[in-house]
Amino acid sequence: MNKTVVAMYLRLSREDDDKNGKEESNSITAQRELVKNHIETIMAGQPYSILEFCDDGYSGAGFERPGFKAMTGAARAGEINVIAVKDFSRFGRDYLEVGRYLEFIFPVMQVRFLSVNDGYDSNNQAGATGGMGLALKNLVYSMYSRDLSKKVRTAQHTRVKNGEFIASFAPYGYKKNPENPHKLLADTEVAWVVQKIFQMAADGTKVSEIARCLNEMEVPTKYLYHRSKGENFPCIYSHTKIKLWDCSMISKTIKNQVYLGKLVWNQSKCGLDTGKKQVKQPEEEWIVYENHHQPLVTQEVFDKANRNIIPSNSSRKGIKQQNQLFFCGYCGKSLQCRGGRYSCRSCVQQKKNDCQNVRTSEKNLHDAVTCQIRSMASVLADERTAIKKQGKDSRKAVLESIVSNNVKAISQWKDTKVNLYAQYKDGKITKENYITEMEKGKAKLLELEQDKEKAQKELDAMIKTEAAEEIQEEELSGLSVLETFDKEKIQILIEKVFVYGSDAIEIVWKTSNPFE
């Protein structure tokens, strides 16, 4: 008898977190015990095995969670028969998406769903009543999440007004007080860097020259400094290949009032009630706590430095608004266009660096990209016609079936291998028969894995190509005969363009690249 594979999914959001230095939170441990006991009761008398998937410290508002994605991926591959959770809110708080999984996706996958505290078992929920109850419960969870997001922000505001520093990482130049992590102390290792930045700016040094000075001195940036301390500091510019001081870092440092000893909060907000978007707040809504910690600069130096870094209108003449299409192939920063030429804004970070090679004519770059977009649009249009003739949907179904069946067959071979060994151990088959059957099984297993890999590769390519099908045929036709550069139309197919020089570019397409 084949074993039933039960996936136990556990989740704890950051708001509920009670790790306190432990590898996992107490609530995760409690969920595990509760769900495990329920599985033992439900599966009593049946052979089964348990796979655990966990997201400790992830919000249930979205579904971009590593444990959740791994679990649903295994379910799609046919490796899971049952999914068990503590309650619906652990699975997710978006009631529409949860309902879609339970009402449509899991039934198609033939995956049974169990929710312990809700008394829910998909095997016993035929008819509309169960679905209605599920929808109402998930609606309540969704409303609760939005309300919780506002309450968390309100609680944070109250703590800041009481003088508590609540951010995850201390500002560059400071460190958290070991005796009270809600207070800040000057970090003697890098506090001098902040003071040097302010003094140079107050003396009239340009921000680009300050950045170049720090890079030549090999002073680590905020990201590199935190990483050197073993802290998991996030990288804002994850696409950049080099981590050097630049003009924006210097400007943000000089404008930051934290170096006056002030605790500033609510400069922007992000949450479910803002659509999870970063929204800047007007200065009158900022929360400012005076004399919170030791200042690193005086008010006089701060004001003078800020006056000097504000660019005049004349200095910005000829510079177009920052683009979101052309990027430096070396540092990853967006290019600026001045006087009909594109160049990297990071070229001044050092006396000599690769970014200085990124200089090209605006006309030549636009013409090159326009030429490439015409070729790509033509190929995609031809490919779409060919796919229609080949009956893509039926082919996709065949590939999915091959992958699913082979995954199941590979899983079944593992059980067969154990049974063969047990029979050999009990003397039911000879050693020669055991070896013969094992060799046959290994050969079959290799064949199954090769077929699965081949089908999966073709399926992945087909899925990527589907992205192009979202583009209307009229749009593809228009792009295939595009004569002049049109940024809005170009971005239908192009994600980014990395420029390495006047004769070297790399295009990141929004669809699979048929030229590869």
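Begin by selecting helix α11 (residues 362-390) in this predicted model. Aspartate 367 and lysine 363 both lie in this helix, four residues apart, about one turn. Their side chains form a salt bridge, with the closest N and O atoms 2.9 Å apart. Lysine 363 is exposed, at 57% relative accessible area, whereas aspartate 367 is partly exposed, at 38%.

Next, display strands β13, β14 and β15, which form an open sheet in that order with antiparallel pairing. The edge strands, β13 (335-338) and β15 (359-361), each pair on one side only. On average, neighbouring strands of this sheet are turned by 25° against each other, direction ignored. Between β14 (residues 341-344) and β15 there are three bridges; tyrosine 342 has threonine 360 in β15 as its bridge partner.

Then move to arginine 112 and aspartate 121, whose salt bridge has its closest N and O atoms 2.6 Å apart. Arginine 112 counts as buried because its relative accessibility is 19%, and aspartate 121 is buried at 8%.

Select arginine 90 and aspartate 87 for another salt bridge, at 3.9 Å from N to O. Arginine 90 is buried at 7% relative accessibility, as is aspartate 87 at 10%.

Finally, centre on arginine 65, in the loop between β2 (48-56) and α2 (66-76). Beyond its neighbours within four places in sequence, arginine 65 is in contact with residues including Tyr9, Arg11, Tyr58, Arg90 and Phe91.

Definitions and conventions
Residues numbered from 1 in each chain as written. Predicted model: local features only at pLDDT ≥ 70, side-chain atom pairs only at ≥ 80, totals over all residues. Heavy atoms only, no water. Pairing = 2+ DSSP bridges. Helix = DSSP H or I, 4+ residues; strand = E, 2+ residues; numbered from the N terminus. Axes fitted to C-alpha atoms, helices over the stretch in contact; angles between N-to-C directions. Contact = heavy atoms within 4.5 Å. Salt bridge = Lys/Arg side-chain N within 4 Å of Asp/Glu carboxyl O. Buried < 20%, exposed > 50% of the residue type's maximum accessible area, 1.4 Å probe, protein only.
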